[in-house]
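Below is a short report on a multi-chain model. It covers strand pairing, domains, overall chain build and a chain interface.

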Amino acid sequence: MAKWGMVIDLDKCTGCQACTTACSMENNTLPGETWQDVLYYNAGEYPSGQMKWLPRPCMQCENPSCVHVCPTRATYKDPDAGGIVFVDWNKCIGCKYCMIACPYGVRFYADEKPLIEPDIRDVFPSDNAQLWSPPYQNPEEDWRRGIGIQPKGVVSKCTFCYHKVKHAPEGIADLDEDNPDVKEYVPACVRTCAPKARYFGDLDNPESQVNQLIGDKHGVRLKDHTGNKPQVYYLGAGAGVPAFTPADKENNA
Amino acid sequence: MKLFQTLINRRRFLQSSAAVGASAGAVATGITGLKGFSPVSEARAQAPRGETTITKNVCAQCPARCGIDVYTTDGRVHAIYGTSDNPISNGKLCPKGHLGSYFLYDPDRFKGPMKRTNPNKGRDEDPGFVPISWEEALDTVAERLNDLRRRGESHRFSMFYGRGWGSSDAGIQYPFGELYGTPNAAIGHSSMCADGSKKAKQATDGNSSYSSYDYRNANYLLIIGASFLEAFRPYNNVMQMWGHMRTKSPKTRVTTVDVRMSPTMAASDRALYIKPGTDGAFALAIAHVILTEGLWDREFVGDFTNPNRQFVGGRRIPANSFNEKWVHGLADWWNEELLERTPEWAEEITGINAEDIRRTAIEFGSTRPAVALFERGATGHSNGTYNGMAIHSLNALVGSLFAEGGIGYQVAPSYGALPVEVSDYMDDYAKNGAWKDQPRIDMKGTDRWPMVGNMMQECAINHLNADPYTLDTAMFYYTNPIWSAPNPQVWEEALKNVFIIDTSPFPGETAMYADIVLPDCTYLERTQDVPTYPFEGWPMAELRTPAVEPIHDTKMYGDVIIELGKRIDGPMGDYYRELGSVENYIRHLAAGFADDPGDNGVDGFESWKEKGVWYKKPYKWRQIRGEFYEWDGQRYSRQMSAEEVQEHLLKTPSGKFEVRSGFLEEHAAYIEEELGIPRERAGLVQWVAPVYTGGDGDLHFITPKTPLHAEGRGANIPQQMMVHQPIVGGRNTVYLEVHPETAKARGINNGDRVRISSDIGSIEAECRFVASHRPDTLVLPFEYGHWAQGRWAKGRGPGNSSEITANISDPISGLASYYTGKVKLERA
Amino acid sequence: MTAQTHKNALQGPLGWGLLVIAGVVLLVSLGYAISQIMAHGHTSFNTSSVLPWGQPIATYVFFALASSGLGLLAALPLVFGFKQYYPVAKRCIFLAFALLISGMSVLALELGHVFRMLWVIPMNLQVQSAMFWMGLFYALDLIFLLWKFSKLQGGHWDSKTAKQVGIASFIGVLLASGNLALIFGMMSMRPFWFDALMPVYFYITAITSAIAVLLFLTYLAYGFKRERMPSALQALLTGALPKLFATSIGLTLLFILVRAITGLYSNNPEISIVWTDYLFDSGVYIAALLIGLLLPFVVLLSKLRNGIGIQVLAALLVTFAIFAERFYFVVGGQVVPLFKGTWVPNLISYSPSATEWSLTVFGFSLCLVLYLLGEKFLHLGDMPSHIANKSAQPGTAEAAA
């Protein structure tokens, strides 16, 4: 079985957030519940200031701290699904411990105050057990893997678009959106990336393009000191997360 | 944890627990009962579903015209991706594209035609809309139009449009005006959009158009005031090219000049901050260095007759010493303007270090192919046309015009002829009626605005002043000037006594003034032809195919025009009866492809619908080492004569790139009067100081377009609002971006609510510090401040930036000076 | 009825009155919380995806640890033979039970799917999760508490089974509260919590809060009149207990001080900023430290420590301080946004919603109702007869039937 991995080349990424909106529409996340976010960081000062950004999906860690803490095994890493970390919405009790344990902040508890009002959950109220029912809902659904629109009281997260990826031909090295045979199986964020800053493929296959890129361009994993060993690698300048400084303190000259 | 891991064979557990999960869910339901705590949670797996169909469409959230695949299952649109074999989108999309389903299912959309019951109009007036039938709606409008025509006042009917797509919507308006009898049938928004760059190009190379670019082969980009990685057309493709340019060999080097920190500035190799409105001075200094360093492209520009001669700063050259090839007026340009435009001179004006200017010039001048591109940042000022001309002249100096890796213009598609001729259906009134003597309401083409393409922003004040006359009835398509025009307060007053027809599917501000609402379909429900905006030059036309039947009782704008036309008295009605419908119209356009099939085999309506696009590569012409060639089907082999170049490419009076513009010289008297430039100098590409608007404010006010801004129609999309302004984390609102020093000098802290004022008004916003902005420049991305437009948009702060933007325009291009305002900042 | 017939004030009309008041508060707060949760789900909370654990979790931690502290206190006489603590042993056991039930009830209303927990946890046995072990050991703790209480209720103070149950209960308490500590202490991605000594810190603060709760409720039981108390209890309250109280407050302060110093010294903003910009930026937190812990500590060190008013006041202040400490501890570990860039540019702000407050009020009122019922019907002042009789004074015989 493949070990699915993603490579994000920050030298090509333009920070446009198409990955974010593609994800939110493919997975029908609530406004602001961005499974795939683009994080911006500002530093320095005119006329030499800098701004950098990095897209942040779930890292689908090889050694996921979120999985270890889940008291019910609702969140699990599935070696038969390329090592993707899922949440089983039939088993999640909503204790949110995994959200505490994830160093990357990529888990969501959508049963929270609306991040924008009016609450879209009231505009498109649920007609079944799920949290809301937008008319544009993706028909794909698999609650055992956290695919679809979640019910109340459970944690949700990026699934590497497993509902697409699962159709990938056995043994394929790369899911490249430019290959018309497999474009429908490519995760939404990778498929739409206009500057082609994202690549998706099998990390267990030394022939894969993702491994080639990681090798050639010195791929790094974010927050590697946590030992979580992400299956998402970053290339290029800016693959680091600045230390946190509260913004209201930042520019106190 | 490792220890524990070995304790339990987790695979076994996963398997057994999954099975238990599936069966025990039902049990849990029985136990819980309390809906709120623990909702019904039967184990759900994939539900049975209908077949998914993919229809071809064209995104409508900006003018780029990305071909999209619309995924529909069980009658519901649920996904939008770029079309793989579409030359613009290539399977990709920008962040706006995916949100298209929100437009279709916007809960605030108009559900059908309506009429107003409250005669009073204003922000706080409820229109009191009541639904009516299409029949009644169209008859009401037609009756009004027929009545105007009978009274000989048909010119008082005006049709305003913004984002026209092709000949089947905006295109239908033109014959409507001719047949009906109004000069105002197609007042476009281009003067509130980007006419400055078109005019700068018209004045220099004779093409009144945006350019096409060959980024794929460019090795240097000099981006000036263009928000390349946020808003430059076609954004999606520009980003694809960015990924290519930044990884190809050799890597395309990029210098960006802008008034603020932006993703484009951040991603460039060199970011230069410029004082707003002074881009022309920067470009002139670049030109100065290119000439003095001897870096100009001799094969395109020409050379001294004596090869030992040089351009030396401050020193004139003899008038006949330079042998001009494709650039007209170079010696004059140098002698009358450029020789003093040193980097040191420009540093004083632009604030950019002379050394940085010199370095940039040497890089730009010594890297081929190199492209200088610009947009509203440089042209949205009183001196915008001259700024644009100065920048565009750099393309001439390095020989990029029509070259590989350079810049060109768009060729129109091979459309078929319509089944009807306008001239066959004109009655005497249409041909000779009183309307013929009336100017357009915007005074385009009169002494007031002799050089402009449109002047929509003038219509409200002209109506209020009854100069040239007042409007009686106005119809709006894809434009909302009552909110988006500079100083829209005037529009709010002006439109109160005009009979308004709005065609937007969404409840915008104009609709709140409407007497009749004739709601359009959203783009996912339309059949519509969409010829490309300037892209790579070769002809291309796309087609929208409805993904679903209209989900509400709406009608495509083109069909509304046709239906209205049928109801106008006289032969005009026959014209539209003959035209039939938009679909029939488009079938006639597509018939043209039979004789000129596209590269993808599209040769008629059905194949066009299937592929979504017709196109023919490559670009027909190319300039190679100073000579122009035409494509013969195999290669660029047929050399063109100077006359052919003038006819197809350099459409100026001289047939060359003009740094002394014949077009401007034709209007030298007007330019002298408006800009104070001595008429003998009017044609020169030159530095003209900007006139800032807004009163005695001490800060520049910049309102850029973000990647999420869907031309005013995205304002009611919560998903968009939550990722709108990543630079400072603007979600739910848009923050004013301000330099911390500037804020602190006014006692303002990060996050405070502030008031921004000009001499025409003030708005409020929350601020966030961006230390990498210019301290003298405030940045407020425009999007919000709506008082209508839907439940999410309405009342969402900050205020509408247009309300503090004076209605002042570049006298040459007519482009509204959106980016030239000065304001004051204080704590609110 | 007179005070003479009931030494224990709560068995009289005061008890009924308080029971009615607490019962009403309980019903109102629970009713409000449930109606909000049923109508709006967890949108009625002010927690969010960036700060998932809020005051209900802090309330649970407070109750669970106070319960554990009481369990540890009870072990002093029942396991380790510190006889002077016998007069509060039964009350400790019952209170530990009442507090644990209250804590668990609050937690249940905080979870997304509480009833699902009942089957998925045993079915899946995720032994890697500290939360699994915490749940397991608190469940055992609850059983042992009930078992032990039934022994004491039956008068079996020193039987072999009682001893064994006592030891088991003691170990259960240590494991339960220790695992609760590890839930936080093992989170290396939340450096503010990441601390191998977290269990020790939890034990100490557990005991501090336990004594505070015990002191207050014991005085309440006797109408704040020491003369009504059995002499052995009087001896404890003027002897060992206030000293132990002072010691545990002192150790609590010491632990906080050490954590604060290492935290402030650290360059890691995920620790130091929590101290500078969140904890020490909060008036409530500083008040909890100075007035809620330091002041009682200083006063209890002095001779004043045996005064009733002083002890009651100290008990109230410390209860408030430890509750605040729990809140700031739980929230403090989350206020630094993880990996959010400009989207969350400052510390995450959180203050509990009305629903979350109602859960806290519900927890306290449930605990009080249970306690009042216990005092009324279960003779929580019982002690072994040899203790009761040792310093026999007139009228010290308990009302045990």
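## Strand pairing in chain B

Strand 4 (residues 114–115) and strand 19 (residues 516–517) of chain B run antiparallel and are joined by two bridges. Helices (H or I, at least four residues) and strands (E, at least two) are DSSP runs, numbered from the N terminus. In this pair, B:Lys115 stands opposite B:Ile516 of strand 19 of chain B. Two strands count as paired if DSSP finds at least two bridges between them.

The model is predicted: local features need pLDDT of at least 70, side-chain atom pairs count only at pLDDT 80 or more, and totals for chains, interfaces and linings use all residues. Residues are numbered from 1 along each chain as its sequence is written, while chains are lettered from A and ligands numbered from 1 in the order in which they are written.

An open sheet of seven strands in chain B has the order 5-4-19-18-17-6-7, with mixed pairing. Its edge strands are strand 5 (130–131) and strand 7 (187–188) of chain B, each pairing on one side only.

## Domains of chain B

Bounds come from an automatic or database domain assignment. For chain B it gives domain 1 (1–44), domain 2 (53–105 + 528–551 + 592–619), domain 3 (114–194 + 426–520 + 555–580), domain 4 (212–408) and domain 5 (699–827).

How far apart do the C-alpha centres of domain 4 and domain 5 of chain B lie? The distance between these centres is 30 Å. The contact takes 18 residues from domain 4 of chain B and 21 residues from domain 5 of chain B. Two residues are in contact if their C-beta atoms, placed from the backbone, lie within 7 Å.

On the domain 4 side of this contact in chain B, helix 14 (376–379) and helix 15 (384–397) each supply at least two residues. Helix 14 of chain B gives the most, with three residues. By class, this domain 4 side has six nonpolar, nine polar and three charged residues. Here Ala, Val, Leu, Ile, Met, Phe, Trp, Tyr, Cys and Pro count as nonpolar, Asp, Glu, Lys and Arg as charged, and the others, Gly among them, as polar.

## Chains A and C

Chain A has eight helices and nine strands. Its radius of gyration is 18 Å, close to the 18 Å that the globule rule gives for 253 residues, so chain A is as compact as a globular protein of that length. The radius is taken over C-alpha atoms; the rule is 2.2 Å times the number of residues to the power 0.38.

Chain C has 14 helices and zero strands. A compact globule of 401 residues would have a radius of gyration near 21 Å, and chain C agrees with 21 Å.

| Chain | C-alpha extent along principal axes |
|---|---|
| Chain A | about 55 × 50 × 35 Å |
| Chain C | roughly 70 × 45 × 40 Å |

Of the 253 residues of chain A, 65% count as buried. For the 401 residues of chain C, the share is 59%. A residue is buried if 20 or more other C-beta atoms lie within 10 Å of its own, exposed if 12 or fewer, and partly exposed in between; C-beta atoms are placed from the backbone.

## The side of chain C that touches chain A

In chain C, 43 residues are in contact with 44 residues of chain A. Helix 4 (114–124), helix 5 (130–153) and helix 10 (269–279) of chain C are the elements that give two or more residues to this side of chain C. Helix 4 of chain C has the largest share, five residues. By class, this side of chain C has 20 nonpolar, 18 polar and five charged residues.
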